[in-house]
Amino acid sequence: MGFVICLGQLLAGCGQNTSDRVDFALRTLDFEFSSESTQWRQAPSTAVPNMVCAGPQALATDCCSPPATLPAADCQQYPIACDPLSNFCALTFDMEVTKKVDLVADGTEVGAVDGRVFTRVSLVTLSTSVGDTDDLPIRGANLYIGPGDAGSSSSPAATLLAPVSLTLGTTVVAPSAEAQQAFSGLARDYRTPFSLWLAGHFVISNGSAPAGTVTFSVKARAEAVY
């Protein structure tokens, strides 16, 4: 009889904890944007055209083709565009930092239930924090998730996990249903690492040469059901 009972509990693990879920923390991830990065863009030696490019005072609307009285920049080489906040031409570009997440090797509680088949994994809490943003002119940041081999946040396989606040301190984020689905699909296959990307948008105004770093931290807890 004891053999029959144990056989009936085989999938749950005979003589072991029969809980059908595990709550676990992802390791804290720090993303750093730096002016020393190879992705950082320097202004052209001829300078960004000091030109109003939008609104009733605009001299022209195309920063790549300013009036003859202003120096022309090579927009094939330098990402110059009209800054919608100042209405002046500015150096405008994106940077991204990637981190690999290995739910087993990172030492989370997942390793303790290695071998179980997860049917669903949900983000219970997700928070981001940022230190001083004065060093670099960051305008926005977004956190993406995707397979480890996706390459970048612009890959079709990557999904927006959440927008990231630029306000100092910690901000709790509520992922969308699509983001939760993308996370679950990757975290269910917990032996396969996946990637998180933080993409930042930067705007450097004419005549400035910022230098330094901006660091973001991402913390999360999740629940897996098996």
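The following paragraphs treat the nonpolar cores and then the aromatic pairs.

The model is predicted: local features need pLDDT of at least 70, side-chain atom pairs count only at pLDDT 80 or more, and totals for chains, interfaces and linings use all residues. Residues are numbered from 1 along each chain as its sequence is written, and side-chain values use heavy atoms, with hydrogens and water left out.

A nonpolar core is a set of buried Ala, Val, Leu, Ile, Met, Phe, Trp, Tyr and Cys residues joined through side-chain atoms within 4.5 Å; buried means under 20% relative accessible area (1.4 Å probe, protein chains only). The largest such core has 55 residues, and Phe 24, Phe 33, Leu 103, Phe 118, Phe 183 and Phe 216 have the most contacts inside it. Among the elements that each supply at least two of its residues are strand E1 (21-34), helix H2 (177-187) and strand E9 (213-225); helices (H or I, at least four residues) and strands (E, at least two) are DSSP runs, numbered from the N terminus. Another core, of five residues, lies apart from it and includes Tyr 144 and Trp 197.

Rings of Phe, Tyr and Trp (its six-membered ring) pair if their centres lie within 6.5 Å, and planes under 30 degrees apart count as stacked. Phe 93 and Phe 202 are stacked, at 5.8 Å centre to centre and 15° between the planes. This pair joins strand E3 to strand E8, 109 residues apart, and both Phe 93 and Phe 202 are buried. Phe 118 and Tyr 226 have ring centres 6.0 Å apart and planes at 20°, so this pair is stacked too.

Conventions:
Buried means under 20% relative accessible area, exposed over 50%, partly exposed in between (1.4 Å probe, protein chains only). Rings of Phe, Tyr and Trp (its six-membered ring) pair if their centres lie within 6.5 Å; planes under 30 degrees apart count as stacked, over 60 as edge-to-face and the rest as tilted.
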